[in-house]
Amino acid sequence: LAGKRESSNRVDPYQPAGDLRLAVAHAPQVTDYRRQLDLRTGLITIQYKAGGVEYRREILAHLRSDLLLVRLTASEPFDARIWLERTADEHCMVRREHLVLDGIFTGGTAFRVQARPYVRGEDASWDEDALHVRAAHEILLDIDIGTSATGQSPAEECRHQALEETDWDDLLRQHVHDYTELYGGMDLDVALQDHEETPTDVRLAAMREGTPDPGLSLLYFQLGRYLMVSSTATAQLPPNLQGKWNEDLAPPWQCDYHHDVNLQMNYWPVEAGHLQASARLLFDHIERFVPHARKAARDLYGCEGIWLPIQSDVWGRATPESHGWAVWIGAAAWLGQHYWWHWEYGQDLEFLRERAYPYFREVAAFYESYLIEDAQGALQIVPSQSPENRFVGGGDLPVTLCVSATMDVLLAEAALEYARRSALILEVDDEDRQRWEALIERLPELKVGSGGQLLEWNEEFEEVEPGHRHYSHLIGLYPGDRLDPEVTPQLWQAARVSIEQRLAHEGGHTGWSRSWTACFYARLGEPEPAWDHLQHLIGDFATDSLLDLHPPRIFQIEGNFGGTAAILEMLLQSYRGELHLLPALPAAWARGGRARGMRARGGYDIDIEWEEGRLSRAEIRPHVSGECTLLHAAHQYHVHTPEGTAVACRIEGHRLHFDVTDRDVYVITSIN
């Protein structure tokens with residue numbers, strides 16, 4: 001829910017709608033308590049014993065009906081009391097009647113929470129606002145939340161969502177089918193000790209005491225994919241700072257959308273991790289801004305195109321919230337990266353033509369009118385910012401305004417390049433394409449400092465916080481591909497030095513920052529540092545249920561997604577149209593494993609198997625015809641059809657090239 005509250009900006013906080021309370025009458029002493037989330041089905045099960053009776057609760061976000069389902073059963077008939085409530089809030093007026101809770105925020109959203117009971121028992125009665133059930137054999141509840149956000153009344157929205165049937169086995173079958181279509185596109189299995197019966201909090205405590213548990217990283221990866229499916233499957237909005245799991249009326253940062261890394265990080269594992277269906281919500285979110293973003297570009301900067309804010313909420317209004325931090329122009333360009341990725345991985349020309357290219361044109365138009373020519377003829381970005389960071393002598397604001405911060409240069413280059421390459425692929429707008437290419441050539445060069453580091457600003461300023469949580473100037477290393485060990489070796493090394501300098505000053509001190517560090521080292525092809533930072537992410541920045549934490553202990557979901565992306569990056573990289581299999585496989589997983597259903601740029605589905613740290617078999621399934629290139633593969637691999645027929649290959653240095661045909665299958669095996 002978006003509730004109007006007093007704050008220093010105009011960002012509406014994302015809030016809980018209410019609480020469902022269950023009071024089951026049983027003996028006070030409880031034993032054999034177990035709470036479990038099955039990541040392969042999305043089913044939560046809570047079971048325990050009391051007074052010799054076994055009690056069981058099953059909870060499900062049922063995808064087909066778009067309702068929350070709660071089922072209570074026991075080995076003997078039981079009594080229960082059920083009611084709805086909401087934490088007292090001076091900004092929200094609430095009315096309760098039976099299992100319906102109606103609320104409206106002062107000057108804001110109206111909503112309804114409604115629970116429908118389906119009871120098999122001797123008797124059910126109402127006492128004020130609670131349902132009393134006596135001698136129940138089964139209680140099934142469906143819970144719905146309706147809002148006025150789309151103009152429909154909350155009551156009307158809830159009215160359309162009733163269950164069509166109440167047989168639990170059928171409901172579960174429906175859900176698992178729909179859930180598996182989203183979650184089951186990829187599977188990762190590693191040869192490890194089985195910890196399935198050991199509680200996660202016990203494993204995590206042992207890890208923190210020094211006992212290695214490589215399986216926790218596998219569990220963390222699978223949880224990340226579950227969190228993405230569960231926060232997007234039937235949603236209308238992309239996951240915010242806490243996905244969609246916020247229990248606070250006044251959450252940190254309003255539980256909003258931050259466009260300077262946090263929302264982007266949420267989507268880092270989506271394309272490669274076979275979760276591409278979740279991307280539609282991100283594109284809807286971005287496009288909701290466009291009409292307002294055009295006005296903001298004109299009113300704030302006198303520019304064409306669009307400008308998106310650094311911080312926003314569900315309403316898609318491009319206003320400069322977050323006073324003191326907001327003077328930054330890079331949000332639209334960085335979000336555009338996800339449009340480009342969606343094209344690179346899926347090779348969907350209709351998407352490129354109808355959604356991505358129109359957006360790229362809007363962003364390019366902004367830069368065309370924003371860039372300023374200096375005395376040497378270079379195009380500078382003024383004012384510029386390296387988000388949330390500052391240097392000594394840069395004023396009293398929480399960020400320093402400057403000329404052509406490295407991140408802004410990289411984003412401008414990328415935005416113009418997306419537009420240029422799209423026009424080339426679509427065979428349109430030749431004059432525009434040539435103009436964008438000329439602008440790219442006139443952008444400032446990236447610079448290396450006296451210590452060998454990649455400079456964050458256009459000059460070597462002294463940083464106020466050398467261990468800053470943001471790595472903005474390193475986006476060309478990850479998640480971008482501007483830096484490359486062969487094309488830009490000096491900048492590649494300078495990025496490595498910059499990471500080391502950050503870490504030497506205690507950088508990576510938030511969950512999401514630590515996950516970004518793991519991504520960097522995976523991209524650099526350094527498996528052990530990547531693995532080490534992944535272990536710190538889990539050991540230092542996770543709750544007992546493995547949710548990511550921002551100090552002091554604030555749940556922020558992007559660290560989960562960043563860690564998931566780091567693992568994908570260890571197993572497969574696909575930059576510049578080239579595939580690198582197992583580029584950073586950690587020793588802890590070297591014994592053996594299999595990743596099925598990964599996706600790669602260029603339109604590939606890929607399965608990988610390995611034994612004793614070496615690729616044993618891979619299967620490549622292209623969705624478009626063309627040339628496939630494997631890095632570090634010359635004289636390493638055979639390429640053949642599933643039937644064993646050799647595929648003709650060409651060797652160029654360490655690269656292995658071979659032609660592929662759409663829908664054919666290509667098997668890669670190691671040369672012994």
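How many bridges join β5 to strand β9 (residues 130-147)? In this predicted model, the two strands run antiparallel and are joined by 11 bridges. Within this pairing, isoleucine 82 has leucine 131 of β9 as its bridge partner.

Strand β5 (residues 67-85) is also joined to strand β1 (residues 19-25), again in the antiparallel sense, through seven bridges. Here leucine 22 is the residue that stands opposite isoleucine 82. Four residues lie between the strands in the hairpin of β4 and β5, where aspartate 66 adopts a positive phi near 60°.

Glycine 103 belongs to strand β7 (residues 100-105). This glycine is buried, because its relative accessible area of 7% falls under the 20% cut-off. Beyond its neighbours within four places in sequence, glycine 103 makes contact with Cys92, Met93, Val94, Thr109, Ala110 and Phe111.

The largest nonpolar core comprises 154 residues, and Leu188 and Trp516 have the most contacts inside it. When neighbours within four places in sequence are left aside, the contacts of leucine 188 include Leu218, Phe221, Ile567, Leu571, Trp589 and Trp610, as well as Gln222, Arg594 and Ala595. Another core, of 26 residues, lies apart from this one; Val70, Val133, Ala136 and Ile143 are among its members.

Technical notes: Residues numbered from 1 in each chain as written. Predicted model: local features only at pLDDT ≥ 70, side-chain atom pairs only at ≥ 80, totals over all residues. Heavy atoms only, no water. Core = buried A, V, L, I, M, F, W, Y, C linked by side-chain atoms within 4.5 Å. Buried < 20%, exposed > 50% of the residue type's maximum accessible area, 1.4 Å probe, protein only. Contact = heavy atoms within 4.5 Å. Pairing = 2+ DSSP bridges.
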